[in-house]
Every structure is written in structure tokens, then in C-alpha cells.
Amino acid sequence: MQLADRVEAIASAAREFTWLDDLTAQNIERWIALELGTLLNADGPQIYGDHHCTAQPLSPILHVISGNTPHAGIQSLTRGILVGAKNRVKLPRQGLAEFDLFVQLLPAELRPEASSSLRQDWVEEAEAIIVFGSDETVEFFARHISPRQRLVVHGHKISLGLVLGPHDENTVEGAVQDVLVFDQLGCLSPQLYYVENDSVEFAKRLAARFNELFSGEKAASEWTSEIAGSLRNCREEWKFRAATEPETHVWESPSGLDWLVIHDPRPDLVSNPLYRTIFVKPLPQNLEPVLAPIRNHLSTVGVHPVDSRTTELAIRLGAQRVCPIGKMQKPPAVWHHDGCPTLANLVRFVDIEGLIWNG
Amino acid sequence: MNAAIELRILDFLQQPDEREFESIALAIYAYQREQNPAYSRYCEFLGQSEPAVSWKEIPAVPQQAFKRAELRSFPASETVIEFRTSGTTGEGFGRHFMRSLRLYEASVQGGWDYFRLPRHPLLLLMPHAAVARYSSLSRMGSILTNDRNDAFFLDGNGALQVDRLRKIVSESGGPFTLFGPALAFVNLLEVIAELPLPPGSILMETGGFKGTNREIGKADLYSRLSECFHLDFDSIWNEYGMTELSSQFYSNGLGSAHLAPPWLRFMIVDPKTNSEAATGEVGLLRIFDLANLWSVLAIQTQDLAVAQGRSGFLLLGRDPEALPRGCSRPIDELIRRSISTKRETSGSIANSNAVGGPC
């Protein structure tokens with residue numbers, strides 16, 4: 001299938017998902033052009049400096065998908081299809097319904113082979129392996145694959161928000177929405193906000209907005225016992241701290257475990273069980289040493305406002321992506337996932353010198 | 001006042017009368033509300049202004065509270081002993097202070113005898129209390145052996161005295177009780193393939209593998225222990241206790257309930273509502289320990305359990321790794337990783353559990 005047809009097939013499937021609305025044919029073409037120029041074109045090698053070059057897919061590509069958000073799997077498969085690779089997917093044991101639906105919307109010849117168990121032959125045959133998962137999973141693959149195979153890893157990440165200067169209702173709304181998307185399970189979801197001005201007030205406003213959203217007749221969130229237990233543990237621990245430590249405040253959904261906002265005056269990183277649990281902390285004088293332990297795991301920093309001050313701070317902290325608060329789970333199609341190009345990583349560049357092309 | 005309550009509890013421990021449990025519990029609660037400032041503030045925070053009318057209404061502190069505050073129901077200057085949690089989660093250690101060891105000693109020995117656990121010689125896979133002065137488990141070992149130094153088989157450097165253990169077991173005729181943390185047994189199994197214990201012996205394991213990256217399933221552990229020590233499963237016991245408590249639950253074999261002595265009660269709490277769970281429902285384990293006069297009577301653990309009648313529960317434990325987290329990384333995991341050893345993984349990729357977990 002030609003590149004243009006592959007682009008159209010992906011854009012067509014993506015139209016069925018509101019959260020993939022950035023994946024239009026036009027955006028995909030722009031993405032390819034930004035990363036690979038015209039090197040993927042089927043009509044032969046392209047002029048590249050004083051010689052010619054073509055981009056050939058690493059194929060087959062093995063995608064090891066884990067987690068509970070379909071984003072990662074669809075993104076990864078999309079990249080493999082665009083470069084023209086044969087794709088094989090190792091899905092999580094519990095399956096991934098949206099991913100399956102996306103695959104069904106593709107033409108048969110673009111559909112990947114998929115399995116919920118990992119096949120040794122797939123690992124051995126792959127020219128590239130893309131791994132989404134924990135550090136343990138990533139380390140495991142790093143030890144077991146051959147040096148000739150390209151390993152692209154997307155480990156687990158931490159994201160957070162920075163609110164500098166005055167904040168308004170839009171900031172609060174954006175901050176709440178970022179927490180709500182995928183119930184915070186995405187690696188781009190915020191686990192905490194550092195707030196420069198009146199962090200207690202910001203936390204209060206977040207809580208008030210959550211309360212509005214979850215009041216009324218909406219059914220209480222149905223979590224498994226494990227999740228509910230971990231959310232209850234967090235609530236009770238922080239209520240104890242609120243009772244015994246100054247400037248510590250807790251706001252929780254009036255019944256059930258729908259949401260939790262915690263104001264913690266200490267800048268230190270703390271454990272977060274997620275599922276709509278958000279910490280608000282005052283911005284310390286120097287945030288860099290506080291975040292040093294997670295520097296290599298920092299993904300997205302949502303900021304307000306998006307200006308040179310917030311952007312420079314986020315970059316210094318190690319951010320791989322900086323975006324407005326409210327857009328944390330909506331990276332553009334052309335973003336550098338975990339700081340790297342996403343298509344150029346999956347091809348072999350072939351340089352051809354002295355070519356007289358007959359095509 | 002406190003001397004009178006202590007005597008009343010000691011009487012109960014020696015001659016338990018179930019009808020007395022509630023009035024003693026309420027007296028302890030009233031005492032702790034008055035004498036324990038951190039607990040008192042917590043109760044006020046929860047809006048508990050009226051005296052409790054049932055032991056089930058007594059506010060329970062989250063187990064984590066022992067890491068956050070000094071939960072002491074007597075003047076600090078009168079402290080005679082301090083037990084500490086291991087601190088393996090990376091969030092510091094919890095501290096349990098006591099004004100006297102009388103209740104602790106009576107509870108440890110009383111619980112052992114209540115379950116008719118044998119009084120034959122103990123072989124303890126733990127360091128002596130003089131070496132591990134903050135270890136409640138070592139103190140328990142001291143109590144059960146009348147502080148016999150030669151009953152302890154772990155030296156101050158954490159090394160197991162395997163040769164001495166082997167010699168005593170093979171040269172002495174009588175039955176033994178081999179008692180220690182599960183992790184110590186795992187270490188022992190790595191260096192000895194077989195060490196048959198004399199008939200009538202039992203084995204008591206306790207604790208888990210928190211923070212060690214040395215996970216092993218209970219069924220697997222019991223199977224290996226049974227083979228190594230020539231014991232049937234019913235001769236293998238589990239002690240469920242914690243530094244924050246003064247009393248212990250016991251179970252024997254696989255799949256059996258943990259049972260409490262009369263001065264120890266529990267309640268299964270629905271994490272969604274934080275009130276008593278319906279019969280047969282999984283919930284968080286809340287414990288009421290009359291021997292905890294010097295700290296807090298009621299503790300909400302982080303463990304999930306299901307009640308088995310009034311006197312026992314099946315422990316499901318807690319496994320933060322089992323929580324589906326998508327690709328959002330747990331901050332506490334980073335903290336833990338910095339203090340724990342790297343996980344050892346081997347074998348073929350396809351057979352590995354490192355692949356395809358929740359994320």
C-alpha cells in the first residue's frame with residue numbers, strides 16, 4: 001500500500017475516536033515531512049545534500065504494549081504503519097478494547113498480528129522493538145535483545161503542572177480536566193501542581209470544581225477493591241496529617257472515592273495513588289533539587305501561563321514536553337515522544353552516492 | 001489512672017472475659033483521647049466529639065500515622081522502649097513507644113499460649129533484641145525464649161548461622177519451633193536443601209518481602225519449606241503482627257483464616273464508605289488491640305482482608321504493584337528503587353513475568 005493510502009487509512013480510523021482528532025491526513029503528512037522530508041516516497045531515492053537517500057522501514061516491528069490507556073498502542077502502531085513496516089503487537093493480558101477497535105477500522109493489509117503472550121520468534125525476528133512498560137520490563141528487553149535490533153523504549157513517566165503568577169477559572173478548569181482524562185493513568189497526566197500564588201486557594205478552587213462535576217445524580221466511581229483500598233489509605237493518611245501538621249488540607253468527595261485534593265505545604269515528592277487524586281504544593285524557591293530524583297522520568301510539564309519564565313523553568317527541570325495546563329493529555333501528532341523523533345527512529349536511512357536514477 | 005487501666009488490661013489478658021472487651025476498649029479510648037495529643041487532634045478533625053458507645057466506633061489511626069507523628073499516650077520522658085518499622089518503603093520508619101513492657105510481654109506470651117503453640121525450644125531466624133534494639137520481632141523472640149541468647153541465629157550483620165542451626169537440629173532429639181521472617185526462610189532455603197526437623201516440630205513465618213524485590217508466592221514458599229524441613233503444611237504457621245501493634249494474629253497451613261486472641265478484635269472496612277463492610281466483602285483490615293494502651297488502640301491497616309466469621313479473617317494483603325496505573329509512574333517507586341537492590345531476572349523472554357504486567 002502506498003504511503004498516501006496508509007496516511008488516509010490511519011486518518012479514517014482515527015476519526016472514530018474523539019481523542020485522536022489531531023490525527024488528520026494533513027497533520028500526518030506534516031508530521032512525516034517534519035521528520036523524514038520526502039525520504040519515505042516510493043518513487044525512489046531523494047536528493048539529500050550532494051547525494052541521494054531513501055528511508056526504508058525497520059521491519060518487522062514488535063510493539064510491546066502494556067497499560068490501561070489505549071493511546072500508547074495506537075500511537076505506536078500508527079508509527080509502524082506510516083513507515084511501511086510489518087507490525088506485530090504484544091497486547092496486555094487484559095486486552096485493550098479501543099486498540100482492537102482501531103485495528104478493525106484499518107484495511108486488512110495494515111492490520112498487525114497481535115497476541116497477548118510474547119512470542120520468542122517475534123522477538124528474534126524484529127528489526128525494531130518498541131516497548132511501553134515499567135523500568136523492569138524495559139531493562140529486561142535491553143538485556144535480552146541482540147545489539148543489531150533497535151530498541152525504542154517508553155518507560156513510565158511522571159508529569160506535573162506549574163502555575164506561576166495569577167490563576168483564574170480557566171486555569172482551574174484546565175487543571176481539573178487534565179486530572180480527569182484517563183483517570184490520571186496516562187504518563188502525561190499530572191500527579192501534582194506547584195503553585196506560586198496562594199496554593200491553598202488554588203487547591204480549594206480545584207476541589208470546588210470537582211465537587212460541581214461529581215455532585216448530583218452521577219453514580220459513584222466503581223473502583224476495584226485494590227484501587228479503592230489504596231485510595232482510602234491515601235485519604236486517611238492525609239486526613240491524619242491535616243489534623244496534625246500545619247498548612248496541610250484535604251478536600252474529598254463527600255461520599256465515595258470520586259476525587260481527592262490535598263494541599264501539602266512541603267515541596268517534596270509524595271506517593272500518589274492516582275484515580276483523581278491531586279496534590280497542590282506551594283512553589284518552592286528552588287524546585288530543581290526537589291525534582292532531581294525524577295528528572296529522568298519527567299515527561300510533560302503543564303504550565304500557566306505559557307511564557308518564557310514557565311517554559312525555561314520546565315526545561316531546566318528536565319521536561320520533555322511543555323504545554324498549557326488543560327492540554328496535558330493532548331500532545332500534537334508531531335510531538336517528540338519522550339524527547340525523540342517517532343518515525344525517524346523506525347527507519348534505516350540508505351545513502352546512495354553517484355546515482356543515475358532510471359525510475 | 002493509667003496504672004489502673006494497665007492492671008485491668010493485664011487481668012483481661014490473663015483471664016479473658018469477652019463481655020469486658022467493650023468497656024475496657026472504651027476506657028482505653030477515653031484515656032488516649034486525653035493523653036495522646038496527636039490522636040486527640042485526629043479525632044477532633046474527624047468530628048468525633050461525643051464519646052464512643054461501641055468499640056467499633058473508636059476512631060482508628062491509619063497505620064502510616066506512626067511514621068508521621070509520635071503517637072504516645074504518656075509523657076515522652078517515661079518511654080522505656082521504642083520499636084521501629086523497617087523503613088523499607090522509603091518514607092521513613094514508624095515508631096511505637098511504650099511506657100512499660102508488661103502489656104507487650106503478657107500479650108505475646110498470652111497469644112502464643114492461647115493458640116496452644118508449643119513451648120518446646122525455639123530456633124529464631126532473627127537477631128537478638130540486644131543487637132536489634134528497635135525490632136519488635138526480636139523482642140517477641142526474647143520474650144518467648146526467656147531471652148536465651150543461643151536461640152537466635154542471625155548475627156548483628158544479618159548473616160544466618162547456618163552451621164550452628166544445622167548442628168543443633170541434627171544433634172538434638174526433641175522437636176523445635178523454627179520462627180523467623182519469611183525473607184529469612186527464603187535466604188535459608190538458598191543455602192540448605194534439606195534439614196529435617198524432628199517430629200512434632202512447627203515452623204512459624206511472619207512478615208513479607210516489602211522493599212526487598214524478593215517476591216515469592218505463599219503456596220510456593222510453603223511447598224519449599226515443607227520439602228526442606230519435612231513438615232506438612234498444617235505444621236507451618238503464619239504470625240500476622242506489626243510493629244504498631246502489641247498483639248498478634250495466627251493462622252496455620254494454606255488458605256486458613258488468621259485468628260485473634262480475645263483481647264484483639266478486627267473489623268473489615270469498606271474502602272468506599274470507610275464503614276464496616278457487608279459480610280463476606282473484601283475490605284481494609286481495622287484492628288483493635290487492648291494491649292496497645294501506650295499508643296493507639298485502633299489502627300487501620302493498609303491490608304485487604306475478608307472476614308471468616310467473627311473471630312478470623314482471610315488476609316489478602318496489599319500489593320501496590322498490582323494496582324493498574326497505566327503508564328503514570330509511581331513516585332514512591334522511584335524512592336523505593338533508590339534503596340532497594342536491582343531485581344534479578346533470568347530465563348527466556350517468553351516465559352518471563354516481567355512482560356505483560358499491568359503496565
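# Reading a predicted model: why these words fit

Chain B has 10 helices and 14 strands. The model is predicted.

Me: Why is A:Asn233 called buried?
Reply: Buried means under 20% relative accessible area. A:Asn233 has a relative accessible area of 13%. That value is under the cut-off, so A:Asn233 counts as buried.

Me: Where is A:Asn233, and which residues is A:Asn233 in contact with, leaving aside neighbours within four places in sequence?
Reply: A:Asn233 sits in helix α9 (residues 225–244) of chain A. Leaving aside neighbours within four places in sequence, its contacts are B:Leu284, B:Thr301 and B:Gln302.

Me: What makes A:Ile145 a buried residue?
Reply: The same test applies: under 20% is buried. A:Ile145 has a relative accessible area of 14%, so A:Ile145 passes. This residue lies in the loop between α6 (135–144) and β7 (150–155) of chain A. Neighbours within four places aside, A:Ile145 is in contact with A:Val123, A:Ile129 and A:Leu151.

Me: How far apart are A:Ile145 and A:Pro246, in sequence and in space?
Reply: They are 101 residues apart in sequence. In space the distance is 52 Å, C-alpha to C-alpha.

Me: How do you know that the buried residues of α7(B) lie on the same side?
Reply: Start with the residues. In helix α7 (residues 162–171) of chain B, the buried ones include B:Val162, B:Leu165 and B:Val169. These three cover an arc of only 65 degrees around the axis, so they are on the same side of α7(B).

Me: What do the buried residues of α7(B) pack against, and which exposed residues does the face turned away carry?
Reply: The buried residues pack against β4 (122–124), β5 (177–181) and α8 (182–191) of chain B. The face turned away from the buried side carries B:Asp163 and B:Glu171, which are exposed. Exposed means over 50% relative accessible area.

Me: What share of chain B is buried?
Reply: Of its 359 residues, 54% are buried. Look at contacts in chain B between residues at least 6 apart in sequence: 63% of them join residues at least 24 apart.

Me: Which residues touch the most other members of the largest nonpolar core?
Reply: That core has 76 residues. B:Ile9, B:Ile58, B:Val61, B:Leu71, B:Phe179 and B:Leu290 touch the most other members. Helix α2 (residues 21–35) of chain B gives the largest share of this core, 6 residues. Now take B:Ile9. Not counting residues up to four places away in sequence, B:Ile9 touches B:Ile24, B:Ile28, B:Leu103, B:Leu290, B:Ala291 and B:Leu293.

Me: What makes a space a cavity rather than a pocket?
Reply: A 1.4 Å probe fits in a cavity but cannot get out, whereas a pocket is open. The count comes to 8 cavities of 30 Å³ or more. The largest cavity has a volume of about 210 Å³. Its lining has 17 residues, and those closest to its centre are A:Leu20, A:Leu23, A:Gln75, A:Pro331 and A:Ala333. Helix α3 (residues 71–83) of chain A supplies the largest share of that lining, 5 residues.

Me: How many residues of each class line the second largest pocket?
Reply: Its lining divides into 13 nonpolar, 4 polar and 6 charged residues. This pocket has a volume of about 490 Å³. Of its 23 lining residues, B:Trp55, B:Phe266, B:Gly309, B:Arg310 and B:Ser311 are closest to the centre. Strand β10 (residues 264–270) of chain B gives the most to the lining, with 5 residues.

Key
Residues are numbered from 1 along each chain as its sequence is written. Chains are lettered from A and ligands numbered from 1 in the order in which they are written. This is a predicted model: local features need pLDDT of at least 70, side-chain atom pairs count only at pLDDT 80 or more; totals for chains, interfaces and linings use all residues. Side-chain values use heavy atoms; hydrogens and water are left out. On a 1 Å grid over the protein atoms alone, a cavity is a set of points where a 1.4 Å probe fits but cannot get out, and a pocket is an open set with protein on both sides within 12 Å along at least five of seven lines; lining residues have an atom within 4 Å of a point. Grid points are joined across faces, edges and corners, and a volume is the space filled by probe spheres set on the points. Helices (H or I, at least four residues) and strands (E, at least two) are DSSP runs, numbered from the N terminus. Ala, Val, Leu, Ile, Met, Phe, Trp, Tyr, Cys and Pro count as nonpolar, Asp, Glu, Lys and Arg as charged, and the others, Gly among them, as polar. A nonpolar core is a set of buried Ala, Val, Leu, Ile, Met, Phe, Trp, Tyr and Cys residues joined through side-chain atoms within 4.5 Å. Buried means under 20% relative accessible area, exposed over 50%, partly exposed in between (1.4 Å probe, protein chains only). Contact means heavy atoms within 4.5 Å. The arc is that of the directions from the helix axis to the C-beta atoms.
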